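Please look over the sequence and the structure below before reading on.

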Amino acid sequence: MALAAGTASGPLAEEGFGWAVRYAAYDESADRGVELPRERWVPVRRGRRQDTVFDLASLTKLCTTIVALRAVERGLITLDGHVAAYAPECTAAAEHGITVRHLLTHTSGLIPELPLYEEAGRERRLARLAAEPPVTPPGTARRYSDLNFLLLQRVVERTARRPLDRLVREAVTGPLGMSDTRFNPPASWLPRIAATEDQRRPWGKVDRGMLRGVVHDENAWALGGVAGHAGLFSTAGDLAVLCRALLAGGGPVLSAESTELMLTAPGLGFEVDQPWFMGELAGRGAAGHTGFTGTSLVVDRARGLYLVLLATTVHPRRRPGDSTPRAAAATALARALG
């Protein structure tokens with residue numbers, strides 16, 4: 001695990017714990033990981049140009065959110081604009097009146113996910129996404145869904161006429177100098193990347209073996225590694241830079257007004273005041289998110305604090321989620337500095 005905590009002015013703690021690579025596979029019959037030879041274990045590292053790179057999973061949604069709000073600032077889209085006005089191929093969104101705001105607040109009524117990886121080819125995968133209707137009327141209930149951010153990707157790519165990976169680079173990682181954050185990391189990064197899962201059925205959704213340096217999420221993988229809901233890789237140090245920018249008002253990635261809107265309840269893209277992973281940082285407007293692979297980020301503007309935790313809890317295979325360590329770390333930070 002890699003940890004980064006600090007304030008808008010700089011870091012307070014930057015630590016690395018445990019192993020980024022330890023297992024060669026998972027033994028289903030013995031219900032345990034098959035360890036690599038001890039000399040091939042790779043520790044989690046912290047330090048300039050040494051940080052371990054993690055699969056961020058759903059923390060990707062935060063960067064997609066910033067890209068969308070940049071598009072709002074530029075007048076390319078509006079929060080209450082209809083998805084189909086920007087991406088006409090999204091036929092179900094057109095029929096049911098889904099808006100950009102519905103996507104960002106998870107109130108579109110869409111189900112949490114679709115097995116897009118079962119479809120043959122990118123065009124069929126995107127067509128299935130575009131045709132999926134909501135199960136409740138948009139705006140009437142909150143249901144967390146990866147599909148919201150896959151549709152949001154379609155909106156921002158259509159209106160900006162550039163792919164999401166380029167938009168994230170232009171809007172977030174480039175302005176902030178986050179050189180260790182990107183989709184589809186190159187082979188040269190592999191020695192620094194933490195392994196994720198021995199991904200295969202029945203616990204996984206596809207049979208891919210031990211993953212390292214390729215996106216863990218099955219749908220993001222099926223879409224080429226660049227997706228609005230998952231696919232980014234990054235380091236604790238890079239995410240700390242983003243957190244400090246948000247604590248300082250959003251510049252240079254967003255205006256203060258957009259940042260306020262994004263981080264204030266109910267939140268746009270961000271979750272607000274969620275004790276289950278924020279511990280005692282929750283309750284005064286803290287905003288953040290988690291990722292399935294074991295990642296989390298919290299920005300507490302009331303206290304002027306941030307906390308980044310990156311881990312691979314799916315190594316060597318996924319288990320039922322447990323956010324107790326996330327909440328405990330956040331509580332310790334809140335008590336120490338609150």
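This is a predicted model: local features need pLDDT of at least 70, side-chain atom pairs count only at pLDDT 80 or more; totals for chains, interfaces and linings use all residues.

Residues are numbered from 1 along each chain as its sequence is written, and side-chain values use heavy atoms, leaving out hydrogens and water.

Helices here are DSSP runs of H or I with at least four residues, and strands are runs of E with at least two, numbered from the N terminus. Helix α7 has 13 residues (164-176) and should span 18 Å at 1.5 Å a residue, which agrees with the 17 Å between its end C-alpha atoms. The expected span is 1.5 Å times one less than the number of residues. At E170, α7 bends by about 40°; this is the angle between axes fitted to the seven residues ending there and the seven starting there. E170 also forms a salt bridge with R162, with the closest N and O atoms 2.9 Å apart. A salt bridge is a side-chain nitrogen of Lys or Arg within 4 Å of a carboxyl oxygen of Asp or Glu.

The chain has two assigned domains, with bounds from an automatic or database domain assignment. Buried area is the accessible area (1.4 Å probe) that two parts lose on being put together, summed over both.

| Domain 1 and domain 2 | Value |
|---|---|
| Distance between C-alpha centres | 24 Å |
| Area buried between them | about 2000 Å² |
| Salt bridges across the interface | 4 salt bridges |

Of the area that domain 1 buries against domain 2, L167, N219 and L223 supply 29%, more than any other three residues.
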